[in-house]
Amino acid sequence: MCICEKCGKLVDEKFYFCPWCGKSQVEARQSENTDLRYRQREDIIKANRYDKIEQMKEVLDELEQELSVLVLSNQMHN
């Protein structure tokens, strides 16, 4: 079910036109689908960014450990 943009009444998904006022429902559905796809894509992008940040954190942790070893080694040799 969707709501007609013109008269505000509920319209079953099987109708291409509002049975009360005759307004086309196709454009409204396309707009809703576009908004939904946009939001889904936005969520995927956010998830990918989060994954990349987590990978970067892991690499930084490894580099920090290596740096600590190098600093300790340098201190022992001096």
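**Close-up views of a predicted model**

**View 1. A nonpolar patch on the surface of the predicted model is formed by Met 1, Ile 3 and Leu 10.** Taken together, Met 1, Ile 3 and Leu 10 have about 330 Å² of accessible area, and the model in which they are shown is a predicted one. Ile 3, one of the residues of this patch, belongs to strand β1, which covers residues 2-3. Ile 3 has a relative accessibility of 52%, and because exposed means over 50%, this residue counts as exposed.

View 2. Met 56, by contrast, is 45 residues from Val 11 in sequence, and the C-alpha atoms of Val 11 and Met 56 are 49 Å apart in space.

**View 3. Cys 4 is placed in the loop between β1 and β2.** With a relative accessible area of 3%, Cys 4 is buried, because the term applies to values under 20%. Residues up to four places away in sequence not being counted, Cys 4 touches Lys 9, Val 11, Cys 18, Cys 21, Lys 23 and Gln 25. Cys 4 and Ile 44 are 40 residues apart in sequence, and from C-alpha to C-alpha they are 30 Å apart in space.

**View 4. Val 26 lies in helix α1, and it is shown here with Glu 13.** Helix α1 covers residues 26-77. Val 26 has a relative accessible area of 31% and is therefore partly exposed. Between Val 26 and Glu 13 there are 9.7 Å in space, C-alpha to C-alpha, while in sequence these two residues are 13 residues apart.

**View 5. Glu 54 and Lys 57 form a salt bridge.** Side chains of opposite charge can pair when their charged atoms come close. In the pair shown here, the closest N and O atoms of Glu 54 and Lys 57 are 3.6 Å apart, and the count of salt bridges comes to one. Glu 54 and Lys 57 are separated by about one helical turn, because they are three residues apart in helix α1. Glu 54 counts as partly exposed, at 27% relative accessibility, and Lys 57 is also partly exposed, with a relative accessible area of 45%.

**View 6. A patch of negative charge on the surface is made up of Glu 58, Asp 61, Glu 62, Glu 64 and Glu 66.** Among the residues that gather in this patch is Glu 66, which is found in helix α1. Glu 66 has a relative accessibility of 49%, and so it counts as partly exposed.

Key. Residues are numbered from 1 along each chain as its sequence is written. This is a predicted model: local features need pLDDT of at least 70, side-chain atom pairs count only at pLDDT 80 or more; totals for chains, interfaces and linings use all residues. Side-chain values use heavy atoms; hydrogens and water are left out. Patches are made of residues with over 30% relative accessible area and no salt bridge: like charges are joined within 9 Å, nonpolar side chains (Val, Leu, Ile, Met, Phe, Trp, Tyr) within 5 Å. Accessible areas come from the Shrake-Rupley method with a 1.4 Å probe; for residues, only the protein chains shown count as cover. A salt bridge is a side-chain nitrogen of Lys or Arg within 4 Å of a carboxyl oxygen of Asp or Glu. Helices (H or I, at least four residues) and strands (E, at least two) are DSSP runs, numbered from the N terminus. Buried means under 20% relative accessible area, exposed over 50%, partly exposed in between (1.4 Å probe, protein chains only). Lys and Arg count as positive and Asp and Glu as negative; His and the chain ends are not counted. The place of a charge is taken as NZ of Lys, CZ of Arg, CG of Asp or CD of Glu. Contact means heavy atoms within 4.5 Å.
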